[in-house]
Structure formats: C-alpha cells, structure tokens
Amino acid sequence: MSIRIEHITKTFGTFKALDEVSLTIPTNKLVALLGPSGSGKTTLLRIIAGLEIPDKGKGAIYFHDEDVVNRQVTDRQVGFVFQHYALFRHMTVLENIAFGLKVKPKIARPSKNEIKERVKELLKLIQLEGLSGRYPNQLSGGQRQRVALARALAVEPKVLLLDEPFGALDAQVRLELRRWLRLLHEEINVTSVFVTHDQEEALEVADVVVVLNEGRIEQIGTPEDVFHRPETEFVMNFIGQVNQFHGRIEQGRGVFGKLIVEADTDGNDKADARLFVRPHEIRVSAEPAGNSEIPVTVLHIHEAGPRVRLELQDDQSYILQVDMPHEDFKMTNIKTNDRAYISLLKSRIFFVDD
C-alpha cells in the first residue's frame with residue numbers, strides 16, 4: 001500500500017512541528033524518517049498512524065488513494081512498534097503476540113487454531129520459537145523488540161510504523177537488529193516507515209531516506225543520493241562527517257586559499273563561500289606534488305578501527321578530519337606534529353553560496 005501525504009501542518013501551541021509537509025511513500029518500501037531532535041519526524045509518524053491529528057483544515061493523508069486523515073487509529077490498519085517495546089509484562093511471548101488477534105471484534109476474530117498457527121509462524125519469523133512461554137522480563141532487549149514487532153505484524157497491517165525501534169538497545173544489538181529488520185522486510189513486503197536520528201541506521205536499512213529539519217523536508221532520496229548527492233547544506237552537514245573550507249567567490253570561481261573551484265556562482269562575485277568535503281574524499285601526503293595542495297599540521301592520529309583517522313589543522317586554524325586505509329597511511333610515513341599536504345577529490349566537492 002502506498003501512502004501519500006499532502007501539505008500536512010501540525011502545531012503545538014506556538015511551536016510548528018510540521019510545516020506544509022508533502023511526501024509519497026511507495027508500496028512495500030522501507031522508508032526512514034531521519035533528522036535531529038525536534039525536526040518533526042516522530043510527529044509525522046504519529047500523524048500517519050492516527051495518534052496525532054494535523055491542524056484542522058490542513059492537508060490530507062491517503063492510503064492507496066483513500067483519505068484517512070479523519071479516521072481513527074483502529075480503522076487505519078497500521079501496526080505500530082514503539083521504542084520501549086510496550087509489551088504486557090503479565091503476558092507470555094505467545095500471549096503478547098496473540099493479543100491483537102484475540103481482541104478483534106467477534107465477526108473478524110480468527111479461531112483459536114488460526115491464532116495459534118499465526119503466532120507459530122511469527123515466532124519462526126522472529127527466530128524465537130523456543131521462547132513462547134517466557135515473560136518479557138526473561139528476555140533480552142533485542143528479543144523484546146522482536147516480540148513487539150511480531151505483535152504488530154500479527155494483525156496483518158497494511159502499513160508498519162516503527163518509532164526509533166532500536167533506540168533503547170546497546171550498539172552491538174542495534175547492529176544485529178538492523179540487519180535482521182532489512183532481511184525481514186524483504187520477506188514480509190509491507191510498506192514500512194521508521195523514525196531514527198541515527199544516520200548509519202537509515203543509510204543501511206532504508207530503501208528511501210527522508211531528511212527532515214525544523215518541520216520541513218530537506219531531501220528525499222535513496223541512501224546513496226542523500227550521502228553522495230546532498231541537495232542542501234543541512235543534509236551535507238547532517239549525513240555523515242564533513243569538513244568545511246571557507247573562502248570567497250572571485251571572478252566566477254570559488255577561491256579557498258590555494259584551492260580554486262569552478263562553480264555556478266549565479267553572479268555573486270565577492271560573496272563568502274564554503275566548500276564541503278567528506279573525510280574519505282581527502283588525500284594526504286608528506287610532500288607537495290604541485291601548487292594546489294593545502295598545507296596542514298598533523299594534530300592526532302587514530303589508528304584503531306578499520307581506517308586511520310587523521311586530525312589536521314590548516315593555516316587558518318580550521319580542524320579537518322581525514323579517513324584513509326591503513327595501507328595508504330603507512331606509505332605516507334606521517335607522524336603527529338608533522339607538516340603535511342592535502343588535496344581534494346574535486347569531483348566530490350559540495351559547494352554552497354552564502
């Protein structure tokens with residue numbers, strides 16, 4: 001089922017949580033709502049679910065071309081998974097998963113055998129077949145979140161909504177569940193929307209990433225799009241780490257010290273400009289190979305991890321971060337406090353006019 005959101009606005013007192021948000025979520029895609037705290041992502045998810053109502057007379061929400069903006073939560077056929085599980089402590093795993101089926105109206109309620117089979121299928125799906133008789137306090141955090149997800153899927157929702165589903169878990173468990181959710185979604189093929197402030201999580205799991213900031217959508221695209229082809233300065237800064245170079249526009253070109261960048265300046269000659277480049281898009285050498293390298297001082301070298309992280313300072317006192325493979329770093333023979341030289345991969349520079 002596709003979801004189409006048109007011109008949704010939501011205010012709380014004087015605070016505008018969402019400002020004319022429009023968005024189409026394709027059928028059976030896994031979509032991440034990504035943004036900092038206060039960006040409006042959770043409010044948007046709750047409006048899709050029916051847990052919040054948009055400002056009166058403002059916008060519409062369509063589930064497969066049917067406007068549901070005035071429908072109650074129970075009539076929208078959505079499954080909702082909360083950050084803190086919201087499992088019933090006095091119920092076993094089996095009872096928690098079966099709950100949504102058992103409380104259906106009698107005319108729509110499956111038989112006891114059908115409920116039993118459905119729960120059995122879901123226990124296999126979440127890989128907890130042997131734990132059906134346990135209570136929530138006898139499970140790990142990751143296992144509890146799987147049960148919460150199975151409970152949401154038990155009623156066969158048309159839309160699955162997840163509010164920071166891994167936010168309460170430690171880093172290693174989050175990593176494992178991210179992979180599991182991706183594989184699960186490929187198996188169940190339900191239109192799914194999840195909220196996260198974790199950029200890695202969104203980029204790894206989602207088919208489509210929606211970046212929000214201050215109640216507005218900054219960019220919609222694939223993980224590759226928002227990381228490699230950011231459309232706004234906010235997206236460039238928010239998605240992954242980034243270095244900035246400050247300079248001026250002179251004679252239709254961006255001038256950043258010795259670095260000259262051709263760019264569409266729209267005639268803003270003499271305007272301030274900033275150049276953005278990611279840590280892995282910078283090359284470092286011990287000696288200059290030409291006239292365009294930028295001299296820096298090596299402040300710190302972090303060799304733990306899959307790549308070497310260098311902390312550098314240029315002559316304008318700006319701190320720069322550089323990532324490079326261990327093999328490439330060893331070939332530079334660079335040490336802390338050394339003078340070094342950096343060059344940028346110009347084809348990957350993101351340019352912004354002030």
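Q: In strand 17, which residue is the bridge partner of V298?
A: Remember that this model is predicted. In strand 17, V298 has L312 as its bridge partner.

Q: How many bridges join strand 16 and strand 17, and in which sense do they pair?
A: Two strands count as a pair if there are at least two bridges between them. Strand 16, residues 294-302, and strand 17, residues 308-314, have 6 bridges. Their pairing is antiparallel.

Q: What is the order of the strands in the sheet?
A: Read across it: 15-19-16-17-18. These 5 strands make an open sheet, with antiparallel pairing.

Q: Which strands stand at the edges?
A: Look for strands with a single partner. Strand 15 (282-285) and strand 18 (319-324) each have one, so each has a side without a neighbour in the sheet. From one strand to the next, the twist averages 45°.

Q: Now for open spaces. What is the volume of the largest pocket?
A: It comes to about 720 Å³.

Q: Which residues of its lining lie nearest the centre of the largest pocket?
A: T74, V78, G79, G100 and V155 do, out of 22 lining residues. Strand 6, helix 2 and helix 4 (141-154) each give two or more residues to this lining. Strand 6 has the largest share, with 3 residues. By class, the lining of the largest pocket has 15 nonpolar, 4 polar and 3 charged residues.

Q: Which residues line the largest cavity?
A: The lining consists of V81, Q145, R146, L149, L162, P165, F166 and W180. Helix 4 gives the largest share, 3 residues. Sorted by class, 6 are nonpolar, 1 is polar and 1 is charged.

Q: Let us end on a single residue. Where is Q83 found?
A: Q83 sits in the loop between strand 6 (78-81) and helix 2 (93-102).

Q: Why is Q83 called partly exposed?
A: Compare its relative accessible area with the cut-offs. Buried means under 20%, and exposed means over 50%. Q83 has 25%, so Q83 is partly exposed.

Q: Which residues is Q83 in contact with, leaving aside its neighbours within four places in sequence?
A: With that exclusion, the contacts of Q83 are Q145, D163, E164, P165, G167 and A168.

Q: How far apart are the C-alpha atoms of Q83 and V195?
A: They are separated by 9.8 Å, while the two residues are 112 residues apart along the chain.

Technical notes: Residues are numbered from 1 along each chain as its sequence is written. This is a predicted model: local features need pLDDT of at least 70, side-chain atom pairs count only at pLDDT 80 or more; totals for chains, interfaces and linings use all residues. Side-chain values use heavy atoms; hydrogens and water are left out. Helices (H or I, at least four residues) and strands (E, at least two) are DSSP runs, numbered from the N terminus. Buried means under 20% relative accessible area, exposed over 50%, partly exposed in between (1.4 Å probe, protein chains only). Contact means heavy atoms within 4.5 Å. On a 1 Å grid over the protein atoms alone, a cavity is a set of points where a 1.4 Å probe fits but cannot get out, and a pocket is an open set with protein on both sides within 12 Å along at least five of seven lines; lining residues have an atom within 4 Å of a point. Grid points are joined across faces, edges and corners, and a volume is the space filled by probe spheres set on the points. Ala, Val, Leu, Ile, Met, Phe, Trp, Tyr, Cys and Pro count as nonpolar, Asp, Glu, Lys and Arg as charged, and the others, Gly among them, as polar. Axes are lines fitted to C-alpha atoms, for helices over the stretch in contact, and angles run from 0 to 180 degrees between N-to-C directions.
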